[in-house]
Amino acid sequence: MNEAAQQNIQRPAPVVILVRPQLAENIGMCARAMANFGLSEMRLVAPRDGWPQKSALKKGAFSAAAGATHILTAAKHYDTLDAALFDLHHVYATTARFREQAKPVEAPAIALPDAARRIASGQKVGLMFGPERTGLESDEVMAASSIITFPVNPEYASLNLAQAVLLTGYEWMRASQGDALPFTMPEPSPPAPQGMVGQFFGFLEQELDHVRFFHPEGKKPVMMRNLRNIIHRMAPTEQDIRTLWGMIDLLAKGGKKPGSKKPGSKKPGSKNSLAEGEAPAVTDA
């Protein structure tokens with residue numbers, strides 16, 4: 001377990017309660033989903049195959065956890081739901097069905113910020129999920145303080161157990177730690193100065209003239225403006241210009257011969273303007 005995972009275990013978070021889970025693999029996948037989003041305490045209420053499980057079932061759960069085995073190892077078993085909820089101050093029951101029970105019904109994006117506020121105030125909060133085939137029974141939903149339901153396609157509202165844990169965990173991570181991304185685009189090279197871009201255009205125009213790209217000649221001003229606008233829309237960096245310059249220069253020289261590290265000679269009468277892959281130094285106008 002890495003340092004980031006250890007920090008998440010130490011950070012207060014909701015307890016995940018799986019009520020009568022059926023498949024070992026699903027318990028393992030729930031552990032994986034929990035670890036993804038900083039949830040670490042799992043409580044199992046009357047799992048169909050018991051807990052801890054026999055070797056074959058245990059292997060399936062631990063394999064599905066994909067490294068989140070610390071959650072399975074620490075998971076607590078309860079015979080009754082009342083015992084599993086005994087020390088919790090607020091419990092959210094997840095369900096896709098209307099239960100006709102007079103208690104708040106919230107989407108995860110609303111419920112989990114509320115859970116974060118409750119935990120910050122010192123409360124213990126639980127997230128309750130039902131068995132794979134039927135979900136929570138009405139009496140189990142009754143034991144909760146409020147209901148979480150997911151805004152899904154009403155014609156196909158069923159989520160598997162690990163999906164429900166994953167979606168809820170994602171909203172917990174957003175609510176408790178914000179939307180900061182684990183990485184961003186690397187810092188690009190500095191923007192290309194106008195002088196460098198202008199020299200590139202001069203080089204490009206020279207090479208295009210050499211291959212009679214501007215045909216008919218009367219359209220050259222419009223065609224060159226279009227090319228300049230393409231490059232300017234890119235807002236090119238210095239590295240962008242160097243790469244484009246080197247690429248076009250190598251093409252103009254005929255490319256590299258097989259087995260050679262040097263570009264081939266340009267056609268007679270052409271100018272050997274640059275070393276391979278390089279743009280000239282920018283000079284003041």
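**Burial and chain totals**

I looked up burial first: 37% of the chain's 285 residues are buried (under 20% relative accessible area; exposed is over 50%, partly exposed in between; 1.4 Å probe, protein chains only). The model is predicted, so I kept local features to pLDDT of at least 70 and side-chain atom pairs to pLDDT 80 or more, while totals for chains, interfaces and linings use all residues. I number residues from 1 along each chain as its sequence is written, and side-chain values use heavy atoms, without hydrogens and water.

I then checked the secondary structure, and the chain has eleven helices and seven strands. Helices (H or I, at least four residues) and strands (E, at least two) are DSSP runs, numbered from the N terminus. Of the contacts (heavy atoms within 4.5 Å) with a separation of 6 or more, 79% join residues 24 or more positions apart.

**The sheet**

I traced an open sheet of seven strands, in the order E3-E2-E1-E6-E4-E7-E5, with parallel pairing. The edge strands are E3 (76-78) and E5 (105-106), each pairing on one side only. Pairing needs at least two DSSP bridges between two strands. E1 (residues 15-19) and E2 (residues 42-45) pair in the parallel sense over four bridges. I found Arg43 in E2 as the bridge partner of Ile17. Helix H8 (residues 161-177) packs on the sheet and touches E1, E6 and E7. Its direction makes about 150 degrees with that of E6.

**Leu81**

I picked Leu81, which lies in helix H5 (residues 81-85). Leu81 counts as buried because its relative accessibility is 13%. Leaving aside neighbours within four places in sequence, I list its contacts as Ile17, Val19, Val45, Met128, Glu140 and Ala143. Glu140 is 59 residues from Leu81 in sequence, but their C-alpha atoms are 7.7 Å apart.

**H9 against H11**

I looked at helix H9 (residues 194-210) and helix H11 (residues 238-252): they pack at about 15 degrees, axes 11 Å apart. Axes are lines fitted to C-alpha atoms, for helices over the stretch in contact, and angles run from 0 to 180 degrees between N-to-C directions. H9 and H11 are therefore roughly parallel (angles under 35 degrees). The residues that meet include Phe200 and Phe203 in H9, and Leu244 and Trp245 in H11. I sorted the residues of this contact into ten nonpolar, one polar and four charged. Nonpolar covers Ala, Val, Leu, Ile, Met, Phe, Trp, Tyr, Cys and Pro; charged covers Asp, Glu, Lys and Arg; the others, Gly among them, are polar.

Key:
Angles under 35 degrees count as roughly parallel, over 145 as roughly antiparallel, 65 to 115 as roughly perpendicular and the rest as oblique.
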